[in-house]
Amino acid sequence: MKHHIFQNATRLGVVLSLTLLGSAAFAQSAADPQHGIAMYGEPALPPDFVSLPQVNPDAPKGGKIVFGESGSFDSMNPFILKGRAPAGLSGLTVETLMGRNYDEPFALYGLLAESIATDDARTFVEFTLRETAKFSDGSPVTVEDVKWSFETLGTLGNPRYHGAWKKIGGMEQTGPRSVKFTFNTEDRELPLILGLRPILQKAQWQGKAFDESSLEAPIGSGPYIVDSFEAGKYVSYKKNPNWWGADLPFNRGQHNFDEVRYDYFGDGGVVFEAFKGGLISSWRETNPAKWESVYDWPEIASGDVVKSVIPHKRPSGIEGFVMNTRKPIFQDWRVREALIMAFDFNLVNQTLNGGANPRIPSYFGNSPLGFTPGKPAEGAVLALLEPFKADLLPGTIEGYAVPAGDGGTSNRQTMRAATALLEEAGWTVQDGVLKNAAGEPFTFEIVLVNGANDMISTAEIYVEGLKRLGIQARVQTVDDAQYKERTNAYNFDMTHYIRSLSLSPGNEQMLYWGSAGVAEPGTRNWMGVNSPAAEAMITAMLNAPDQDGFIAATQALDRILTAGRYVVPLWYSDVSRLAHRKELKYPERLPLYGDWLGFQPEVWWYEQ
């Protein structure tokens, strides 16, 4: 087994310090064009950097990598709400103005744009395109393409693009290859957000409905083009031999495979068997017990399949069973707390994971951005929360910790406490069934995707535990397309929810937890958070003048979300487990974020 012992915690502190202090050697005045931008301070890499630090700049080119996906796809437009696009389409074939370095908390460097300019207050941003930037059909990437992409995505694209577009007060061409955006809202993250907007070819979409699902692949400027596909079955991306950006320092050591392919299978169990059978190249194992017990087929013993452990220091994020507070039965926080208490975490963790994974303590746990569970708020965090004190749920300021998670028969005290909370909320057990004053039973449905076997097993154990409270819950499985349709429309009581979070949370947090998502379809606010305090903390994050203010605002948000009791939290891991063919290699130097983004297939290569 290949292990990397890597001091990410130390690296994080060093990188954060660099971010704050900058480097006088290449710092420039505020409005001058720069090679990159960081959320705070200066980017860590100088203008003359030759490659990103976490790549092998001399990685061999060629070969093929094949991934397996569960479910299906029926669209080749990943930028709209309708349809389901295949994996890799946006990231491999379409580029952005700036590229992200995943070895820093949040720093961007020129990609399609050769430079970026903004002022100290970040009231505008101006990008200058590279003269050599071209789409895959050989046509140049123009300012008109940029303007059209921003407006189209901001009005007709997926709702995740709408928020930033609404904050743009003006958009103008300022030179042959330059475009300037001025803002109508204070938001220090906006220049970076706009730098990461995908740039599409305007000419391709003339006379076509952008917001309708289609099997026409976008013409992008990225390293790959769609070579072939069969809807719902597979998609193959081939390296563009004429890719304009092959020699950019930012791209050196990246995008090394000649072909990247995604094959689709019925469910996760079938994908794993396909990996064992040699049909796909790599498999991400999320179950530590299986990692230790079932990886015993001959290719493992011979070394033809390698087990790699990738450490990281990104936040735990949140994963668990989310309660849809649009539904009346979940609107009382005492009910939600009781349902969290009823989940036997220790039993489920031991059954599925061999007890190896710790429970998620908070949304930003496992990072400096998370609050300390059970401890009261103080200092800058307390000052941010105080104006909302009257409306905050118990524990937000005083201190809250997720219940211990032993709902088993040995812990009757926990279940008695859960029953007491339900009684306070108006629910009592009558003839063995939990009912309200009107005699209506407490019953709900847990919607899951077909083939999500571990999650189905988890839900089934949970359902048995809920019976002790008189609650009648049932598990309903649906296919991938139905699941997306139902979650987009918030048509569920409870479901599996996972939200990965980074060390640089920003505008996306409003999409995750903003009140607009209570009614607007397609956001990631599945639980229906409607909290002025949460939105105020997000605004404080976006406008924080320094790292200390940013951390305080994020910790305050973490308190609000965790004490909101919206999710029955599961577990997290501070390592990722990847099994892969021995010919697939990756750099010894690992990025700060581990394998989260920009790692596989981006910096991997094929070597016999």
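Mentor: Alanine 117 is a buried residue, because its relative accessible area is 4%, and a residue counts as buried under 20%. Please keep in mind throughout that this is a predicted model. Alanine 117 sits in strand β6, which runs over residues 113-117. Leaving aside residues up to four places away in sequence, alanine 117 touches Ala31, Asp32 and Pro33, and also Phe124, Val125 and Glu126. Proline 315 is 198 residues from alanine 117 along the chain, and the C-alpha atoms of the two are separated by 30 Å.

Glycine 303 gives another view of sequence and space. Glycine 303 is found in the loop between α8 (298-302) and β14, and its C-alpha atom is separated by 6.9 Å from that of lysine 582, although the two residues are 279 residues apart along the chain. With a relative accessible area of 29%, glycine 303 is partly exposed.

From there we can turn to helix α6, which spans residues 268-276 and whose buried residues are Val271, Phe272, Ala274 and Phe275. These four cover an arc of only 155 degrees around the axis, and so they lie on the same side of α6. What do the buried residues of α6 pack against? Their partners are the strands β3 (64-70), β12 (259-265), β13 (282-285), β14 (305-311) and β22 (575-581). After α6 comes glycine 278, which has a positive phi, near 85 degrees.

Histidine 255 has a positive phi of about 55 degrees although it is not a glycine, and it is placed in the loop between β11 (234-239) and β12. Histidine 255 is buried, with a relative accessible area of 10%. Tyrosine 490 likewise has a positive phi of about 55 degrees without being a glycine, and its place is in the loop between α14 (480-488) and β20 (494-499). At a relative accessibility of 6%, tyrosine 490 counts as buried too. A further backbone feature to look at is the cis peptide bond that joins glutamine 600 and proline 601, where omega is about 15 degrees. Proline 601 belongs to the loop between β23 (584-585) and β24 (605-606).

The helix pairs can be taken one at a time. Helix α16 (residues 532-543) and helix α17 (residues 547-563) have axes that come within 8 Å and cross at roughly 160 degrees. That angle makes α16 roughly antiparallel to α17, since the term applies to angles over 145 degrees. The crossing of α16 and α17 is left-handed. On the α16 side the contact is made by Ala533, Ala534, Met537, Ile538, Ala540 and Met541, and on the α17 side by Phe550, Ala553, Thr554, Ala556, Leu557 and Ile560. By class, the residues of this contact between α16 and α17 are 11 nonpolar, one polar and no charged.

Helix α9 (residues 333-341) packs with helix α12 (residues 412-424) at an angle of about 160 degrees, their axes being 8 Å apart. The two helices α9 and α12 are therefore roughly antiparallel to each other, and α9 passes α12 in a left-handed crossing. Here Arg334, Val335, Glu337, Ala338 and Met341 of α9 meet Thr414, Ala417, Ala418, Leu421, Leu422 and Glu424 of α12. The contact of α9 with α12 comprises seven nonpolar, one polar and three charged residues.

Helix α10 (residues 345-353) and helix α13 (residues 453-467) form another pair, whose axes come within 10 Å and cross at roughly 150 degrees. The helices α10 and α13 are therefore roughly antiparallel to each other, and their crossing is right-handed. Leu347, Val348, Thr351 and Leu352 make the contact from α10, while Asp454, Ser457, Thr458 and Ile461 make the contact from α13. The residues of the contact of α10 with α13 divide into four nonpolar, three polar and one charged.

Technical notes:
Residues are numbered from 1 along each chain as its sequence is written. This is a predicted model: local features need pLDDT of at least 70, side-chain atom pairs count only at pLDDT 80 or more; totals for chains, interfaces and linings use all residues. Side-chain values use heavy atoms; hydrogens and water are left out. Axes are lines fitted to C-alpha atoms, for helices over the stretch in contact, and angles run from 0 to 180 degrees between N-to-C directions. Angles under 35 degrees count as roughly parallel, over 145 as roughly antiparallel, 65 to 115 as roughly perpendicular and the rest as oblique. A crossing is left-handed if the near helix is turned anticlockwise from the far one by less than a right angle, and right-handed if clockwise. Contact means heavy atoms within 4.5 Å. Ala, Val, Leu, Ile, Met, Phe, Trp, Tyr, Cys and Pro count as nonpolar, Asp, Glu, Lys and Arg as charged, and the others, Gly among them, as polar. Buried means under 20% relative accessible area, exposed over 50%, partly exposed in between (1.4 Å probe, protein chains only). The arc is that of the directions from the helix axis to the C-beta atoms.
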